[in-house]
Amino acid sequence: MLKIGEFSILSQISIHMLRHYDDIGLLIPEHVDDFTGYRYYSERQLPIANKIQALKSMGLGLALIKEILAKYTSNDQLKVYLELHAVEQREKIANMQKQLNLIQTTIVNLGHVSDIPLYSVALKKFPAHNVISVRGRIETPEDEAVLWEKLAKERASQNIQFANPVLNIAVFHDEEFNEHNLDVEIQQSVAGRYHDTEAMKFKKIEETTAATLTFKGQYDLLPEANGEIMRWITDNHYRLDGKRFNIYHVSPEKEDSTGNMVTEVCFPVKPL
């Protein structure tokens with residue numbers, strides 16, 4: 001039998017930790033003196049102590065190690081478990097690498113002179129939702145109001161129930177950034193299903209992951225916001241995966257001052 005100090009030296013586990021392992025039922029002494037309370041271990045427990053140390057070095061917590069020692073009694077069983085754990089660890093490492101890259105690229109880009117805060121770019125997942133929409137060509141971005149007026153007239157013929165919160169969206173279908181003759185589709189999120197009219201279409205928008213940047217201010221900041229998001233997409237190893245769109249959280253319909261507009265610029269993306 002080995003005294004706790006001797007077992008500590010041989011196992012390279014501190015006396016404090018051995019007492020803790022005993023308290024949680026992870027590594028219980030083979031004998032405890034009823035009179036003195038001294039703990040005694042046997043040499044047969046050294047392989048268990050080594051296994052505990054090995055599993056700890058893999059980043060496993062004590063509660064999990066206790067479960068492993070109780071459930072996975074053969075090498076084959078332990079191998080299967082550790083293979084699954086390896087997959088989880090690789091996913092964590094990949095996520096941490098993404099986070100580190102985000103931090104590094106943000107540090108670099110904070111040095112750029114811009115009215116748009118690059119560090120506000122966020123990756124968002126928009127759930128599937130129903131919309132009513134009107135699509136058309138407009139000469140300049142300022143003419144988008146014509147499409148919104150058209151949608152308002154078209155929806156008047158039906159008892160449209162808006163989603164909560166309602167999303168006012170403009171989707172840009174042109175392959176390139178154009179300043180004139182724009183192919184734009186405006187959408188409003190709705191609850192329920194509705195009939196198409198000659199100009200208004202009802203459709204379901206599938207789930208979308210997008211790089212987004214929300215800013216407050218006039219719409220002439222949009223080109224700069226687009227540029228900042230494109231830089232973010234490139235720096236963080238994504239690629240475009242759909243048509244860019246804007247969400248107008250606060251629009252001229254709700255706010256007279258253009259300086260108080262709140263716009264979210266969105267670029268659907270997926271990893272390279």
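These questions and answers cover the pockets and some backbone features of a predicted model.

The model is predicted: local features need pLDDT of at least 70, side-chain atom pairs count only at pLDDT 80 or more, and totals for chains, interfaces and linings use all residues. Residues are numbered from 1 along each chain as its sequence is written, and side-chain values use heavy atoms, with hydrogens and water left out.

Q: How much space lies in the largest pocket?
A: A pocket is an open set of points on a 1 Å grid over the protein atoms alone, where a 1.4 Å probe fits, with protein on both sides within 12 Å along at least five of seven lines. Points are joined across faces, edges and corners, and the volume is the space filled by probe spheres set on them. For the largest pocket this gives about 870 Å³.

Q: Which element gives the largest share of the lining of the largest pocket?
A: Lining residues have an atom within 4 Å of a point; the largest pocket has 28, with P141, E144, Y219, L222 and Y248 nearest its centre. Two or more residues each come from α6 (144-155), β6 (168-172), β7 (182-190), α7 (222-235) and β11 (245-250). Helices (H or I, at least four residues) and strands (E, at least two) are DSSP runs, numbered from the N terminus. The largest share, 6 residues, comes from α6.

Q: How many residues of the lining of the largest pocket are charged?
A: Asp, Glu, Lys and Arg count as charged; Ala, Val, Leu, Ile, Met, Phe, Trp, Tyr, Cys and Pro as nonpolar; the others, Gly among them, as polar. The lining has 13 nonpolar and 7 polar residues, and the charged ones number 8.

Q: Which residues lie nearest the centre of the second largest pocket?
A: This pocket holds about 240 Å³ of space. β6, β7 and β8 (201-205) each supply at least two lining residues. Of its 16 lining residues, those nearest the centre are V171, Q187, I205, T208 and F245.

Q: Where is P165 found?
A: The peptide bond from N164 to P165 is cis, with omega near 0 degrees. P165 itself is in the loop between α6 and β6.

Q: What is the relative accessibility of N181?
A: N181 is not a glycine, yet has a positive phi of about 55 degrees. It is found in the loop between β6 and β7. Buried means under 20% relative accessible area, exposed over 50%, partly exposed in between (1.4 Å probe, protein chains only). N181 counts as partly exposed, because its relative accessibility is 41%.
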